[in-house]
Amino acid sequence: MANTSQKRILVTGGSGLVGQGIRTVAEKDPRADEEFIFLSSKDADLTDRNATKVAFEKYKPTHVIHLAAKVGGLYGNMRANLQFFRINMAINENVLSVSKELGVKKVVSCLSTCIFPDKTTYPIDEKMIHNGPPHTSNYGYSYAKRMIDVMNTGYNQQYGTNFTAVVPTNVFGPFDNFNLEEGHVLPGLIHKVYKCKENNTPLTVWGTGRARRQFIYSLDLGRLFLWVLREYEETEPIILSVGEEEEISIKEAAELVVKGFDFKGELIYDTTRSDGQYKKTASNEKLRKYLPEFKFTPIDQAIRETCQWFSSNYETARV
Ligand code: NAP
Ligand code: GDP
């Protein structure tokens, strides 16, 4: 007889930063009742519904971690808001509708604190996601991501599915997108400092350095994602973040990368570049109610490990 508690977990976007974080954690502590399948865009273009259905029919997942998305840092988003909206709307529509059609038991999708309202009080919690427009720099990505929450509520209400989502802050770690123009701030700075050290040139940080962010290491996020998949039963999303007191300025983040590489050169701030949203301070109170003992990797250690990973993998990293 088929073992009904056996989980086949399909991870869309499994080749990216967050997917690789989940893979590392899952492989370190494998469970007999869980089998993981990590998809990349080469396995299926999830903007195409037919290709999505073919992939899901092939792997027959009982559970889905849905990460696949067009993802970029501030400057990538500013250049292509329409594409961020259309591609992510298409991927999310296809993944959720096919999951419902094929009877997937649980889907955990991925939102972001980037989608939070711009004009707001702080800290922001899970109930405030839709309270006002997002920052203008990334409205395309933000509105597409917010619609996942709308769809999760609708599917669960109308069809009794178990669809939910997590809301991570700015993620970094091995396998990130280190492309300078398209990627996020930490992989961008890591790539830049690596080059500055090689060429003996100053480091240019974009913006004033005053914007503030909470960062989460992809391996910590991997551990939290697996907990959500196994234990979390609410429809309402859950913010996965370090505490408010661990929010740092971009200047402090740049200094940690400088330390991570032991870079001795000068730092320059290019204030002709946008700072983006000044801050998006998220509350992790709900997470702490569930997991009061969870320990995040100290940020200096996590950045140092990522600098080391980038140096060792420069030839194959996404740059
Ligand atoms: P990433 O490294 O850029 O990975 C994106 C993943 O999506 C890759 O596996 C990519 O496949 C896949 N993908 C992209 N377009 C696809 C398509 N049309 N069809 C199928 N697969 C496609 O991004 P990430 O940082 O890991 O992000 C994963 C999730 O976390 C996203 O939903 C993102 O919104 C969310 N998130 C990220 C951050 C952050 O700071 N990075 C913060 C909060 C939330 P290929 O490798 O084949 O291209
Ligand atoms: P966000 O958190 O969604 O706004 O996106 P990012 O991860 O791209 O962070 C953007 C913030 O980092 C802005 O305040 C930028 O001015 C600042 N920043 C400084 N240097 C860089 C860099 O080299 N790349 C990127 N993407 N941002 C940088």
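User: Hi! For residues 9-243, how far apart are the end C-alpha atoms, and how much is helix and strand?
Analyst: Hello! In this predicted model, the end C-alpha atoms of that span lie 29 Å apart. The span is 43% helix and 17% strand.

User: What does UniProt say about residues 9-243?
Analyst: An unreviewed UniProt entry annotates residues 9-243 as "domain: NAD-dependent epimerase/dehydratase".

User: Okay, on to the ligands. Which residues come nearest to ligand 1?
Analyst: Gly13, Gly16, Ser40, Ser41 and Ser112 do, out of 27 residues around ligand 1.

User: Which element gives the largest share of that shell around ligand 1?
Analyst: That would be α1, with 3 residues. Both α1 (17-28) and β6 (170-172) supply at least two residues each.

User: And how many of the residues around ligand 1 are nonpolar, polar or charged?
Analyst: The shell around ligand 1 has 12 nonpolar residues, 12 polar ones and 3 charged ones.

User: What about ligand 2, which residues are closest there?
Analyst: Ligand 2 is surrounded by 20 residues, and the closest are Gly73, His184, Gly188, Gly207 and Ala211. By class, 9 residues of this shell are nonpolar, 7 are polar and 4 are charged.

User: Which helices and strands supply at least two residues each around ligand 2?
Analyst: Those are α3 (74-79), α6 (185-199) and β7 (203-206). Helix α6 provides the largest share, 4 residues.

User: Let's go back to α1. At what angle does it cross α7?
Analyst: The axes of α1 and α7 (residues 218-231) cross at roughly 70° and come within 8 Å. The two helices are therefore roughly perpendicular. Their crossing is right-handed.

User: Which residues make that contact between α1 and α7?
Analyst: On the α1 side they include Leu17, Val18, Ile22 and Val25, while those from α7 include Leu219, Leu221, Phe225 and Leu226. By class, the contact of α1 with α7 has 9 nonpolar, 5 polar and 1 charged.

User: Next pair: how far apart are the axes of α8 and α10?
Analyst: They are 9 Å apart, where α8 (residues 250-261) packs against α10 (residues 299-312) at an angle of about 55°. That angle is why α8 counts as oblique to α10. Here, α8 passes α10 in a right-handed crossing.

User: Which residues of α8 and α10 make the contact?
Analyst: Helix α8 uses Leu256, Val257, Lys259, Gly260 and Phe261, and α10 uses Ile299, Asp300, Ile303, Arg304 and Cys307. Sorted by class, this contact of α8 with α10 has 6 nonpolar residues, 1 polar and 3 charged.

Notes: Residues are numbered from 1 along each chain as its sequence is written. Chains are lettered from A and ligands numbered from 1 in the order in which they are written. This is a predicted model: local features need pLDDT of at least 70, side-chain atom pairs count only at pLDDT 80 or more; totals for chains, interfaces and linings use all residues. A residue is near a molecule or strand if its C-beta atom, placed from the backbone, lies within 6 Å of it. Ala, Val, Leu, Ile, Met, Phe, Trp, Tyr, Cys and Pro count as nonpolar, Asp, Glu, Lys and Arg as charged, and the others, Gly among them, as polar. Axes are lines fitted to C-alpha atoms, for helices over the stretch in contact, and angles run from 0 to 180 degrees between N-to-C directions. Angles under 35 degrees count as roughly parallel, over 145 as roughly antiparallel, 65 to 115 as roughly perpendicular and the rest as oblique. A crossing is left-handed if the near helix is turned anticlockwise from the far one by less than a right angle, and right-handed if clockwise. Two residues are in contact if their C-beta atoms, placed from the backbone, lie within 7 Å. UniProt positions are given in the numbering used here, feature names are shortened, and annotations may be inferred rather than shown by experiment.
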